[in-house]
Amino acid sequence: MTKVFILDANQQPLYPVRISRARLLLSQGKATVFQRYPFTIILKESLSHLKLEQLGFKIHPGTKIVRNS
C-alpha cells in the first residue's frame, strides 16, 4: 500500500494519504502536485475548520548524504 505525502496550504506536512484519496483530491481541484519525487501534493485551501494532526520529520544523525530533490 503506497502512500502520498500531503501538505496543507501553509506547506506544513500532514499524515500521508492513500493514492486513491490523493487522486480524488486532485480530480476535484482541491489539491495540486507540489513535487514529483517523492510524490507530494499540496492543498489549495487551508483546513482551519478541520483539526488535523501535523506530521514531524526527523533526520537520522548518522546520515552522510542529504539529497535535495
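Tutor: Begin with the terms: helices (H or I, at least four residues) and strands (E, at least two) are DSSP runs, numbered from the N terminus. The model shown is predicted. Its secondary structure comes to one helix and four strands.

Student: In what order do the elements of the chain run from the N terminus on?

Tutor: The order is β-β-α-β-β.

Student: How do S1 and S2 pair, in the parallel or the antiparallel sense?

Tutor: S1 and S2 pair in the antiparallel sense, over four bridges. Within this pairing, Leu7 stands opposite Pro13 in S2. The hairpin of S1 and S2 has five residues between the strands, and Gln11 there takes a positive phi near 60°.

Student: Which residues make up the largest nonpolar core?

Tutor: In soluble globular proteins, nonpolar side chains tend to be buried together. Here the largest nonpolar core has nine residues in all: Val4, Ile6, Leu14, Val17, Ala22, Leu25, Ala31, Ile41 and Leu43. Two or more of these residues come from each of strand S1 (3-7), strand S2 (13-18), helix H1 (19-27) and strand S4 (40-43).

Student: What share of the residues of the chain counts as buried?

Tutor: With the cut-off for burial set at under 20% relative accessible area, 20% of the 69 residues count as buried. The chain exposes about 6000 Å², of which carbon and sulfur atoms supply 53%.

Student: What part of the contacts with a separation of 6 or more comes from residues 24 or more positions apart?

Tutor: Such residues account for 43% of those contacts in the chain.

Definitions and conventions. Residues numbered from 1 in each chain as written. Predicted model: local features only at pLDDT ≥ 70, side-chain atom pairs only at ≥ 80, totals over all residues. Heavy atoms only, no water. Core = buried A, V, L, I, M, F, W, Y, C linked by side-chain atoms within 4.5 Å. Buried < 20%, exposed > 50% of the residue type's maximum accessible area, 1.4 Å probe, protein only. Contact = heavy atoms within 4.5 Å. Areas by Shrake-Rupley, 256 points an atom, 1.4 Å probe, with all protein chains shown as cover. Pairing = 2+ DSSP bridges.
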